[in-house]
Amino acid sequence: MSYLTSDFMIRALIGALLVGVTAPAIGVYLVQRKMALIGDGIGHVALFGVAVGFLFGTSPVLTATLVSALGAIAIELVRERTRTSGDIALAIMFYGGIAGGVVLIYQTSQGTNATLTSYLFGSLLGTTSADLVVMGALSAFVLSVALIGRPWLFAVCQDEEHAKVSGLPVRFLNLLLAVTAAVTVTVAMRAVGLLLVSALMVIPVATAQQFTRSFTATLFTGMAIGVAVSAIGVIVSAEVDTPPGGFIVVVAVVLFAVVATVAGLLRSRKPAPLPEAPEPPDVVLHQVT
Amino acid sequence: MLVILETAGVTVGYDGRPVLRDISLGVAPGEVVALLGANGSGKSTLVKAIVGLTPAASGSIRLFGEPLGRLRNRSRIGYVPQRIGVSSGVPATVREVVAAGRLARRGFLRPGGKAGKLAIDSALVAVGLAGMSHRPVSSLSGGQQQRTLIARALAGQPELLIMDEPTAGVDAASQAALAAALRQFSGNGGTVIVVLHELGPLAPLISRTVVLHGGQIVHDGPPLPPAAGHDCPEHVHIHPHAPAAEPARWEL
């Protein structure tokens, strides 16, 4: 087990824990709004940002943050304008982003399959100290938005129209949520990769809500589950010599399956309580003879 | 005297099709106004225009003497939307949903404070849900979910309560709790505008009815008594719409 104390393992573990705690913290709002897959779309767009970074010789994390933030704002504007028929516009943006990213990356000197794989599926073991500083700063931003803004973000995601009537800055909050989700994607990019980011935003929350009753409990339990699966994923993947990114997500999925099964068994064991008073029918028909 | 709500010549249309035409309506403090009308008469649209969710194509809407867009203190309005989508993707307790109604008064990024907590508590008591405040909203009956939305509106301690069909599909216990909460709100000087399908259990509280038909106001005044005999419990409401005939058979 001596490798566990090696520098690269410790850095990998810290990176995984940062992602584990931040992704569900913002993911809970996306799940509440029934937009669980939006993180996946932002991840696709972020690859284009990575390619832009390579092209101009700047930090790919920086350009990925900028491009995915712009993408997230565009997604939010499409959502605000179109309500239901935005899927096509979003699909064009997501696949345009990832295809553009792939094409562009191969035009640069870093254009190898190894680079591409490291961004698509993560490369935790290659995390440097400088990476950790950037990830730590971005995580601090995401966590402060998710925790300090909780009452307002909850209100907007729960009932947007009511929030509007209450005079809350609905548009600002929606854009803040979109940009924060984009930042989360770039934080998680190193750890689990752009294609698996959304898993850590959604699965810990979905696991938590199998047994939680309140939003606050779901938020914090989701964060705890995110931390647990990230730590377990990194340590066990080292043991079985497998890349940690995918392994973390597999651990999350297995935990979800176990918790959902147990919760389902517990629910089916105690009979559902009868409603206190039956709802009256809207219309009563009398037979006319 | 201050007028709580004043609309002048309000016209609202969806896709160029007018839904409300030339609505002029004034509501004074303390009134309990029922908006009545058939489905599609425009009563829900009128409510959405009043709270600013549906833009008016022409005309003016003033709340508390100020144009709608310039009303700074939104906590003066308590809005109770139709009961759809109360439960969202993540579980939330009754108290969490009700607390969202306090934010209008709380100010952005300000702490809630003791007054906020007390207001949330008394809103829960007013609708008779104090004992259920930690239950997830999704586990409640439709009537209890409706009461949760009313408590959310009351938590902001509004002066005007605007409700869209609060009694639709609500059980008897919840209808009684709703009537009690409204009586208390109105007794403290609050003004109420409520969209209803029928006056039902709220009838004794209503001071004025406005009836919409085809997007226009066709009656505005004290509640009309039902036609003779129509309100007695044994009344069977049958219209001889068409001569009785054998039901048509459908064939390919």
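## The interface between chain A and chain B

The contact between the two chains of this predicted model draws on 35 residues from chain A and 39 residues from chain B, where contact means heavy atoms within 4.5 Å. The size of an interface is often given as the accessible area lost when the parts come together. Here the area buried between chain A and chain B is about 3000 Å², with carbon and sulfur atoms giving 62% of that figure; buried area is the accessible area, taken with a 1.4 Å probe, that two parts lose on being put together, summed over both. In chain A, the residues that lose the most area to chain B are A:Trp152, A:Val165 and A:Arg213, which together make up 24% of what that side buries.

Two salt bridges are counted between chain A and chain B, a salt bridge being a side-chain nitrogen of Lys or Arg within 4 Å of a carboxyl oxygen of Asp or Glu. B:Lys48 forms a salt bridge with A:Glu161, and the closest N and O atoms of this pair are 3.5 Å apart. On the side of chain A that touches chain B, at least two residues each are supplied by α1, α7 (150-158), α8 (160-165), α9 (170-189) and α11 (215-240), and the largest share, five residues, comes from α7(A). Helices (H or I, at least four residues) and strands (E, at least two) are DSSP runs, numbered from the N terminus.

## Nonpolar cores

The largest nonpolar core holds 124 residues, of which A:Tyr29 and B:Leu161 touch the most other members. Helix α1 (residues 7-32) of chain A gives the largest share of this core, 13 residues. A second, separate core of 30 residues includes B:Val27, B:Ile61, B:Leu68 and B:Leu160. A nonpolar core is a set of buried Ala, Val, Leu, Ile, Met, Phe, Trp, Tyr and Cys residues joined through side-chain atoms within 4.5 Å.

Leaving aside neighbours within four places in sequence, A:Tyr29 is in contact with A:Ala146, A:Arg150, A:Leu153, A:Phe154, A:Cys157, A:Leu177 and A:Phe215.

The secondary structure of chain B comes to six helices and 10 strands, and 49% of its 252 residues count as buried. Buried means under 20% relative accessible area, exposed over 50%, and partly exposed in between (1.4 Å probe, protein chains only). Among the contacts in chain B with a separation of 6 or more, 69% join residues 24 or more positions apart.

B:Thr148, in helix α5 (residues 142-155) of chain B, is buried, with a relative accessible area of 0%. Not counting residues up to four places away in sequence, B:Thr148 touches B:Val94, B:Val97, B:Val98, B:Leu129 and B:Leu140. B:Glu165 lies in the loop between β7 (160-164) and α6 (172-187) of chain B and is also buried, with a relative accessible area of 13%. With residues up to four places away in sequence again set aside, B:Glu165 touches B:Lys43, B:Gln82, B:Gln146, B:Val195 and B:His197.

## Basis of the values

Residues are numbered from 1 along each chain as its sequence is written, while chains are lettered from A and ligands numbered from 1 in the order in which they are written. In this predicted model, local features need pLDDT of at least 70 and side-chain atom pairs count only at pLDDT 80 or more, whereas totals for chains, interfaces and linings use all residues; side-chain values use heavy atoms, with hydrogens and water left out.
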